[in-house]
Amino acid sequence: MRFFNFCQISLPLISFVLLGWIAPRANAALLVGSYNNNSVLRYDEKTGEFIDDFVPSGSGGLKGPTGLTIGPDKNLYVSSILSGSVQRYDGKTGNFISTFVPSGSGGLDAPEDLVFGPDSNLYVTSINSRTSNSVLRYNGQTGAFIDTFVPSGSGGLSAPFSLSFGSDGNLYVSSTLTNSILRYNGQTGAFIDTFVTEQKGSETGGLTFGPDGNLYVANFKTNNILRFNGKTGAFINTFVPAGSGGLNDPVKPIFGPDGNLYVSGLNSNNVLRYDGKTGAFIDAFIPASRGGLNGAGFLAFTEDSTVVPEPRMGLAVLALGAVLGAGKVLSRKQKATS
């Protein structure tokens with residue numbers, strides 16, 4: 001009877017201790033390229049509070065960070081446009097790992113945006129209009145050059161700023177100097193069509209596909225975000241009106257874990273947040289220059305769900321040991337008296 005009472009008390013305690021011991025704590029963050037001081041800054045994904053210089057200034061030779069992406073290996077890949085290379089950093093610590101794609105590899109010149117494709121390889125825009133207007137493909141594990149996936153000028157491509165794979169598996173690339181979005185076969189790189197044509201002088205910039213499957217495009221000169229049908233390319237609406245919330249020189253919009261739209265302002269040195277369904281301005285998620293942000297560039301959300309021991313894990317383990325030990329003692333006493 002005494003052993004039964006002990007079990008009633010100890011089993012919930014054991015469960016509590018075990019849950020407290022193995023419960024994971026996710027450390028999510030928003031990474032922002034700080035172009036003018038050659039670094040990548042980290043902010044709390046829920047509050048926008050500055051955490052740290054995730055990639056310190058110039059780490060690994062970083063010079064002019066533009067495109068950011070999290071690879072299949074959970075590490076961070078950054079286009080270093082002024083050094084003409086792609087750098088790789090530890091996705092948890094920000095420590096430099098390697099120059100993943102060296103300057104000039106496959107003709108790389110002024111890499112702007114980058115993305116891992118459905119084949120797990122890395123696609124990079126090479127934007128220098130004097131030498132290249134192409135999309136290059138590299139081995140996703142080694143960084144070795146594979147091929148020129150989209151040849152220079154294919155389909156009229158001029159100053160390819162941003163790229164993204166659509167739900168149809170095809171590649172969409174913004175052609176800044178022709179104010180258009182071009183579509184290419186996702187397996188061969190062959191030109192398919194001009195998916196979107198914008199008004200002259202808009203200077204088409206960053207693009208992303210939203211949770212609704214539609215295409216969102218930032219425009220440098222008109223300081224707005226336009227929405228297009230993700231299947232037909234037909235114009236839907238001006239999702240974020242010109243200058244909304246102080247938007248100035250938007251780089252590339254991305255949707256966050258909360259379903260809202262985040263846009264960095266290159267000249268305003270901030271990150272603005274908009275309602276993901278209506279486009280209404282919510283707030284300056286990262287106010288101007290917070291954490292030393294200077295030349296707010298590309299964005300990337302990251303989440304580390306590694307199991308992290310709680311501060312009192314040691315006490316929890318001791319408590320668990322005491323509970324189990326007491327259980328053994330009482331069990332032996334029960335057997336001895338039976």
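## Ser132 and its loop

Ser132 sits in the loop that joins strand S9 (122-126) to strand S10 (134-138). Strands here are DSSP E runs of at least two residues, and helices are H or I runs of at least four, numbered from the N terminus. The model is predicted: local features need pLDDT of at least 70, side-chain atom pairs count only at pLDDT 80 or more, and totals for chains, interfaces and linings use all residues. Residues are numbered from 1 along each chain as its sequence is written, and side-chain values use heavy atoms, with hydrogens and water left out.

Ser132 is buried, at a relative accessible area of 5%. Buried means under 20% relative accessible area, exposed over 50%, and partly exposed in between (1.4 Å probe, protein chains only). The Ser132 side chain makes a polar contact with the side chain of Ser126, at 2.7 Å. Such a contact is a pair of N or O atoms within 3.5 Å; within protein, one must be able to donate a hydrogen and the other to accept it, and residues adjacent in sequence count only if both atoms are side-chain atoms. Beyond its neighbours within four places in sequence, Ser132 is in contact (heavy atoms within 4.5 Å) with Gly107, Asp109, Ser126, Ile127 and Ser152.

## A four-stranded sheet

Four strands form an open, antiparallel sheet in the order S12-S13-S14-S15. Its edge strands, S12 (160-165) and S15 (191-197), each pair on one side only. The twist averages 25° from one strand to the next. Axes are lines fitted to C-alpha atoms, for helices over the stretch in contact, and angles run from 0 to 180 degrees between N-to-C directions.

S12 pairs with strand S13 (residues 171-175) over four bridges, in the antiparallel sense. Pairing requires at least two DSSP bridges between two strands. Pro160 stands opposite Ser175 in S13.

## Nonpolar cores

The largest nonpolar core has 18 residues; Val40, Val55, Leu68, Leu76 and Val78 touch the most other members. A core is a set of buried Ala, Val, Leu, Ile, Met, Phe, Trp, Tyr and Cys residues joined through side-chain atoms within 4.5 Å. Strands S3 (50-55), S5 (76-80) and S24 (296-304) each supply at least two residues of this core. A second, separate core of 13 residues includes Leu30, Leu41, Ile286 and Phe301.

## The whole chain

The protein chain has two helices and 24 strands. Of its 338 residues, 51% count as buried.
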